[in-house]
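Dear colleague,

My notes on it follow directly after.

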Amino acid sequence: MAKRSIENDEDDRVVSARIDIQNAHPARSSNEDDTNMIGDEEGQFSDDFESDEEIIEVDDEEDEDPELKKQKAEELIAQDTQADETTNQGQELYLPHLSRPLGPDEVLEADPSVYEMLHNVNVPWPCMTLDIIPDNLGSERRNYPQSLLMATATQASRKKENELMVLSLSNLVKTLVKDDEEEEEEDVDNEDDRDDSDPIIENENIPLRDTTNRLKISPFASSKEEVLAATMSENGEVYIFDLGPQSKAFSTPGYKVPKAAKRPIHTVKNHGNVEGYALDWSPLTKTGALLTGDCSGQIYFTQRHTSKWITDKQPFTVANNQSIEDIQWSRTESTVFASAGCDGYIRIWDTRSKKHKPAISVKASNTDVNVISWSEKLGYLLASGDDNGTWGVWDLRQFSPENAGSVQPVAQYDFHKGAITSISFNPLDESIIAVGSEDNTVTLWDLSVEADDEEIKQQAAETKELQQIPPQLLFVHWQKEVKDVKWHKQIPGCLVSTGTDGLNIWKTISV
């Protein structure tokens, strides 16, 4: 796979939030020929026919021929129908990655009516990776405003300007869709009320010496205690940080992050100067177990023993020098993990293997397999996405050394028109999957939907564009050059995604 870099805009270095979603409403036209009341300069109306002299009498409409009235009514209905048809001809179902490209004067705007929440955050530099930090605000949070903690890392144009950023985003309000009457009644002069709805962004930054390719937060992180974070750097080093002090600074007024907390607590140097993208914390080993894979096909296992971190000297490898693109620990077996690589294979490994070789290798694609995701609800399901834009779901119960060459995914889709850059099972719903692609979209899918649903078949028959869309597709979110997508485990349906236009925090009405 080609290096997943994105272009930088050196002058755009402002951290801010944008929530100014503009609602488009049809313009109201007036016909001057039908107007018999004219407003004066003071806004009052005057009667142009007021006079002390001649009185003009108007025939009562009741004396008009009924047939003539019926004819006039039919003409008015015909005019309205023609106007509606003209308006509808200008509307189209726009699919960002399938429809025609936008013209020079066209802008793609999000429809606020399909988002429960949508916030855009500008960051100093583009970021290729992000992760959510667990907090102590509770689970199943559905009330607004929402708050979250997260971490991301930059791809600055100059290496010395790179940072690891810990962000606290609070007062994330629900997206409001207002009709014309509500807008007219709103007091636009009340600036205080409007400011109350603005999100609050706080950040604690750690300077880095290079671009970060991948960042992961330990699933055992606690915002009040230890927050282990691992980053894979472009220079080949893997840094382990404790972001606990940074997280504490957001909830403790006057607290100052110690200088020592801005340095890694351990550095994995076994990869030499070979960079990598594969990185994952074990969800079952509380003391800390980390796997890291590089572009030369080497996977190293790092564990914490008491207070000391130790990396095995012998890597896991198949000795083909093909890049390891992603790693995922099993959610049910503490010694089992899966890897995906540029050779098109998904491999299942066991850390207890003395030979450090895979137990099973399955050919998943004829091109690079960029990302994989192990279901947290159903431990036998693994999703993968490749460089051709195809993604699928595998049943690991079908994997065995005997049938490794013939096993097929239980579901597969080639909807996307760009490489898959991120894939993730919803941690709270085993049938929902989020997929990010280089075609500038994040799609949400519901694998529980049946293809022969009568309502879906009827909708597809009525709308030509829907015939190109699999019935399992729930939602399409547009974001420029999207690189990473994460579900928030404590806010049902909430996602955070990153691309060249910054961070998106969003929740649709579909999930």
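Which side chain meets that of Arg141 in a salt bridge? The partner is Asp135, with N and O 2.9 Å apart. A salt bridge here is a side-chain nitrogen of Lys or Arg within 4 Å of a carboxyl oxygen of Asp or Glu. Arg141 and Asp135 are both buried, where buried means under 20% relative accessible area, exposed over 50%, and partly exposed in between (1.4 Å probe, protein chains only).

Please note that this is a predicted model, in which local features need pLDDT of at least 70 and side-chain atom pairs count only at pLDDT 80 or more, while totals for chains, interfaces and linings use all residues. Residues are numbered from 1 along each chain as its sequence is written, and side-chain values use heavy atoms, with hydrogens and water left out.

Salt bridges

Side chains of opposite charge can pair when their charged atoms come close. By the rule above, the count comes to 15 salt bridges. One of them joins Arg304 to Glu226, with the closest N and O atoms 2.9 Å apart. This pair links distant parts of the chain, since Arg304 is in strand β15 (residues 299–305) and Glu226 is in the loop between β9 (212–217) and β10 (228–233), 78 residues apart. Helices (H or I, at least four residues) and strands (E, at least two) are DSSP runs, numbered from the N terminus. Arg304 is buried, at a relative accessible area of 18%, whereas Glu226 is partly exposed at 31%.

Lys224 counts as exposed because its relative accessibility is 65%. Its C-alpha atom is separated by 7.9 Å from that of Asp135, although Lys224 and Asp135 are 89 residues apart along the chain.

Aromatic pairs

A search of the whole structure finds 15 aromatic pairs. Rings of Phe, Tyr and Trp (its six-membered ring) pair if their centres lie within 6.5 Å; planes under 30 degrees apart count as stacked, over 60 as edge-to-face and the rest as tilted. Tyr413 and Trp445 form a tilted pair, at 4.8 Å centre to centre and with 35° between the planes. Tyr413 lies in strand β24 (residues 411–413) and Trp445 in strand β27 (residues 441–446), so the pair ties together parts that are 32 residues apart in sequence. Tyr413 and Trp445 are both buried. Elsewhere, ring pairs link Phe301, Phe316, Trp329, Phe337 and Trp349 into a cluster.

Surface patches

Patches are made of residues with over 30% relative accessible area and no salt bridge; like charges are joined within 9 Å, and nonpolar side chains (Val, Leu, Ile, Met, Phe, Trp, Tyr) within 5 Å. Accessible areas come from the Shrake-Rupley method with a 1.4 Å probe. Lys and Arg count as positive and Asp and Glu as negative.

A surface patch of negative charge gathers Asp65, Glu67, Glu74 and Glu75. Within it, Asp65 lies in the loop between β3 (45–46) and α1 (66–89) and is partly exposed, with a relative accessible area of 43%. A patch of positive charge is made by Lys256, Lys259, Lys262 and Arg263. Lys259 is located in the loop between α4 (244–251) and β12 (266–268), and is exposed, with a relative accessible area of 70%. Leu102, Leu108 and Trp478 make a nonpolar surface patch of about 240 Å². Trp478 belongs to strand β28 (residues 473–478) and is partly exposed at 36% relative accessibility.

Backbone features

The peptide bond from Tyr144 to Pro145 is cis, with omega near 0°; Pro145 lies in the loop between β5 (127–133) and β6 (146–154). Thr306 is not a glycine, yet it has a positive phi of about 50°. Thr306 is in the loop between β15 and β16 (308–311) and is exposed, at a relative accessible area of 78%. His356, also not a glycine, has a positive phi of about 60°. His356 is found in the loop between β19 (345–350) and β20 (360–363) and is buried, with a relative accessible area of 11%.

Yours sincerely

Terms used: The place of a charge is taken as NZ of Lys, CZ of Arg, CG of Asp or CD of Glu.
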